[in-house]
Amino acid sequence: MPASPPVAAIGPLPASADEPRFPAVTPGFRIGLYGGSFNPAHEAHRQVSLLALRRLGLDQVWWLASPGNPLKDNSALPSLRERLALAGAVSRHPALLPTGIEVRLGTRYTRDTVAALVRRYPQVRFVWVMGADNLAGFHRWQRWRDIAGLVPIAVVDRPGATFPAMAARAAHALARWRIPERDASTLADRRPPAWVFLHGLKSPLSSTLIRATTHPGPAPRAALHGKAPLTVEK
């Protein structure tokens with residue numbers, strides 16, 4: 001697909017009533033891209049995003065709700081509409097924007113989604129945001145090295161994931177491009193590859209855990225809306 005020409009202002013593209021809209025942004029924005037199935041979205045997603053907003057100096061974090069994770073069984077996956085509705089209730093912040101734009105982009109793999117967004121928004125500085133548990137398996141993602149070459153990456157620590165993540169194949173391959181945590185606020189301005197490992201979030205919550213403890217009923221409101229134990233270390 002050819003690159004989109006630079007524009008003076010960036011806003012939502014036309015969409016039908018059933019298609020997710022692209023969030024409106026301003027040229028020069030720093031935007032975190034936080035991908036996942038969000039099945040379901042929960043308070044730890046929110047806390048990871050708020051940590052990234054603060055530590056990386058971001059203007060927005062887009063929750064990229066996937067139509068279906070290529071590495072997982074999607075047979076029981078709720079509809080994108082359902083997951084986005086819950087994500088909107090959980091996010092509770094004007095800079096945290098759940099979106100299903102992969103449907104409009106026609107992408108399924110992270111590399112293709114990121115490449116499409118970089119082409120479409122050349123005046124925006126994107127950062128890929130992921131948990132340390134995802135870094136541990138990052139080398140299994142399709143064209144993962146391309147992702148690292150397209151945008152800087154912020155890895156947020158998760159309980160029990162620190163050592164597996166830092167011992168992982170991807171962490172070793174990208175080691176020379178890791179920046180000190182004290183320089184995290186400069187990450188969005190750096191030319192990729194560049195990445196940082198952020199400490200601070202110590203929530204045990206995960207979508208997998210919530211599904212396992214609530215199936216077949218709905219996720220507990222305490223876990224979804226922040227009543228479950230969760231701490232963010234300063």
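Tutor: Let's begin with a definition: rings of Phe, Tyr and Trp pair if their centres lie within 6.5 Å. In this predicted model, ring pairs link Phe-22, Trp-62, Tyr-121 and Phe-126 into a cluster.

Student: How many aromatic pairs does a search of the whole structure find?

Tutor: The search finds nine. One of them joins Phe-22 and Tyr-121, and this pair is edge-to-face.

Student: What makes the pair of Phe-22 and Tyr-121 edge-to-face?

Tutor: The centres are 6.3 Å apart, and the limit for a pair is 6.5 Å.

Student: Why is the pair of Phe-38 and Trp-63 called stacked?

Tutor: Their planes are at 5 degrees and their centres 5.2 Å apart. Planes under 30 degrees apart count as stacked, so this pair is stacked. Phe-38 is in the loop between S1 and H1, and Trp-63 is in strand S2, 25 residues apart. Phe-38 and Trp-63 are both buried.

Student: How do you know that S1 and strand S2 pair?

Tutor: Two strands pair if there are at least two bridges between them. S1 and S2 (residues 60–65) have six, in the parallel sense, so they pair. Here Leu-33 stands opposite Trp-62 in S2.

Note on methods: Residues are numbered from 1 along each chain as its sequence is written. This is a predicted model: local features need pLDDT of at least 70, side-chain atom pairs count only at pLDDT 80 or more; totals for chains, interfaces and linings use all residues. Side-chain values use heavy atoms; hydrogens and water are left out. Helices (H or I, at least four residues) and strands (E, at least two) are DSSP runs, numbered from the N terminus. Rings of Phe, Tyr and Trp (its six-membered ring) pair if their centres lie within 6.5 Å; planes under 30 degrees apart count as stacked, over 60 as edge-to-face and the rest as tilted. Buried means under 20% relative accessible area, exposed over 50%, partly exposed in between (1.4 Å probe, protein chains only).
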